[in-house]
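Hello,

Here is the structure I promised to pass on. Could you open it next to this message and follow along?

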Amino acid sequence: MHELVGALRSYAWGSRTALAQLCGREVPSPHPEAELWFGAHPADPAKVLADGAGRSLLELLEAEPNRELGTVASAFGGRLPFLLKILAAEEPLSLQAHPSADQARYGFERENHTRVPLDSPMRNYRDDSHKPELVVALDRFEALAGFRDPLRTVDLLNSLAVPELVQYTELLAAQPDSGGLRTLFTTWITLPQAMLATLLPKVLDGCVRYLKQVDPLESPRQAKEFAAEARTTLELAEAYPGDAGVLAALLLNRLTLEPGQGLFLAAGSLHAYLRGMGVEIMANSDNVLRGGLTPKHVDVPELLRVLDFEPLRTPIIDPEPVDENSFRYPTPAAEFALRRFELTEDAAAVDIPRVGPGIMLVTAGTVVLSQAGNELPIAAGSAAWISATDTDIRARALGGPAQLFCACVGE
């Protein structure tokens, strides 16, 4: 086992405080810090520290796949099949979805055939893999994810009392299923700019009126009903004026994850993270199809090909306790599995079963990992690479309580 130094990614939507505070660096940071990558993705692999020097985890796995990955090497083409991140969003991310495995293979081959450069900003498919992902909140984490029950969306649109929305509300009320959602989403996301410029301000005015009319003392139920959705619509419109994605966001579940809760996103699930910090794990892919709320490449026709319009009723995952120290986040993904350990200073070291090949990430306090007589202290914001040959790992907190995430290949 060796310390693993994450690759810091700076995007405009990142935070100048969250990752810096977590890692014990000066606040605020010089630039927005959005993601800290712990993995072997070719775009930005983490570094393994050994003998006083750093080496790319990707290079290490390519040089010694059998020793480092074990049976995973043959099962996943000699690659670590997952990417682990810490994500810190100060502003909303793009409205996006990820393809299925078949869609990714077909799209990658098609863009290769048409000779779209791999590093082109117009490229949709940068590899041939799907990208299921799981995010676990480290603080209050807010997101849009999956299409809301259509009848609830009809209630929301009616609550805004916008005459210009009536035809769209009636459309969905007449077909309150995935077909109706597909029709309405497609209509809104492809609205001509002139029509969007007329409709969107009316919708925003409706959101303002709705929020002003809500009186928590007189009508607490109404105050809780769609206030978050209305505020989010106004916030998105301020960040991305004139963007059709603002309308599309009205169709999605507006979620708030409390620390420790998770959100799993399968292929085709439309989503946008709004704000907060979390641990994110996904298949080792960079395939993203965007529909709006971003200055990056948007390809609405391709997004429509991969979207799943079935309403997503229970997208939040509550962790399952394994024992008094640990919790697991069940998902159907074969590429990854994630567990969380809550360690107290006065407790004995705990066994960490079934890790390698894997990554152990500390998100609070300091954890001492021990294996075969060796000890490795890992502070918050850092991680350890555990090879397939590293067994019998134990972990204990040092100097106070600590939180540890263990990422490995799915069963």
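Let me begin with Glu302, which counts as buried at 4% relative accessibility; buried means under 20% relative accessible area, exposed over 50% and partly exposed in between, with a 1.4 Å probe and protein chains only. Before going further, please keep in mind that this is a predicted model, where local features need pLDDT of at least 70, side-chain atom pairs count only at pLDDT 80 or more, and totals for chains, interfaces and linings use all residues. Residues are numbered from 1 along each chain as its sequence is written, and side-chain values use heavy atoms, with hydrogens and water left out.

Buried residues

Glu302 sits in helix α13 (residues 300–306). Helices (H or I, at least four residues) and strands (E, at least two) are DSSP runs numbered from the N terminus. Leaving aside neighbours within four places in sequence, Glu302 is in contact with Arg110, Asn124, Tyr125 and Leu289, where contact means heavy atoms within 4.5 Å. The C-alpha atoms of Glu302 and Pro99 are separated by 9.7 Å, while the two residues are 203 residues apart along the chain.

Leu36, in strand β3 (residues 35–38), is also buried, with a relative accessible area of 6%. Not counting residues up to four places away in sequence, Leu36 touches Gly6, Ala7, Leu8, Leu19, Cys23, Leu84, Lys85, Ile86 and Gly381.

Asn325 is in a loop, the one between β15 (320–321) and β16 (326–328). With a relative accessible area of 16%, Asn325 is buried.

Helix pairs

Two helix pairs may interest you. The axes of α6 (residues 150–160) and α7 (residues 166–174) come within 9 Å and cross at roughly 160°. Axes here are lines fitted to C-alpha atoms, for helices over the stretch in contact, and angles run from 0 to 180 degrees between N-to-C directions. The angle makes α6 roughly antiparallel to α7; angles under 35 degrees count as roughly parallel, over 145 as roughly antiparallel, 65 to 115 as roughly perpendicular and the rest as oblique. The crossing of α6 and α7 is left-handed, a word used if the near helix is turned anticlockwise from the far one by less than a right angle, with right-handed used if clockwise. On the α6 side, Pro150, Thr153, Val154, Leu157 and Asn158 meet Thr169, Leu172 and Ala173 of α7. By class, this contact has five nonpolar, three polar and no charged residues. Ala, Val, Leu, Ile, Met, Phe, Trp, Tyr, Cys and Pro count as nonpolar, Asp, Glu, Lys and Arg as charged, and the others, Gly among them, as polar.

For α9 (residues 193–213) and α11 (residues 227–239), the axes come within 9 Å and cross at roughly 140°. These helices are therefore oblique to each other, and their crossing is left-handed. From α9 the contact uses Leu204, Cys207, Val208, Tyr210 and Leu211, and from α11 it uses Ala227, Ala230, Arg231, Thr233, Leu234 and Ala237. The classes in the contact of α9 with α11 are nine nonpolar, one polar and one charged.

Aromatic rings

How many aromatic pairs does a search of the whole structure find? The search finds six; rings of Phe, Tyr and Trp (its six-membered ring) pair if their centres lie within 6.5 Å, and planes under 30 degrees apart count as stacked, over 60 as edge-to-face and the rest as tilted. Phe141 and Tyr273 form an edge-to-face pair, 5.3 Å centre to centre with 75° between the planes. Phe141 lies in strand β9 (residues 141–147) and Tyr273 in strand β12 (residues 271–283), so the pair ties together parts that are 132 residues apart in sequence. Phe141 is buried at 0% relative accessibility, and Tyr273 is buried at 3%. Ring pairs also link Phe147, Phe185 and Phe309 into a cluster.

Backbone details

The peptide bond from Val27 to Pro28 is cis, with omega near 0°, and Pro28 is in the loop between α1 (18–22) and β3. The bond from Gly356 to Pro357 is cis too, with omega near -5°.

Although not a glycine, Ala372 has a positive phi of about 50°; this residue is exposed, with a relative accessible area of 67%. Asp392, not a glycine either, has a positive phi of about 55° and counts as exposed at 68% relative accessibility.

Best wishes
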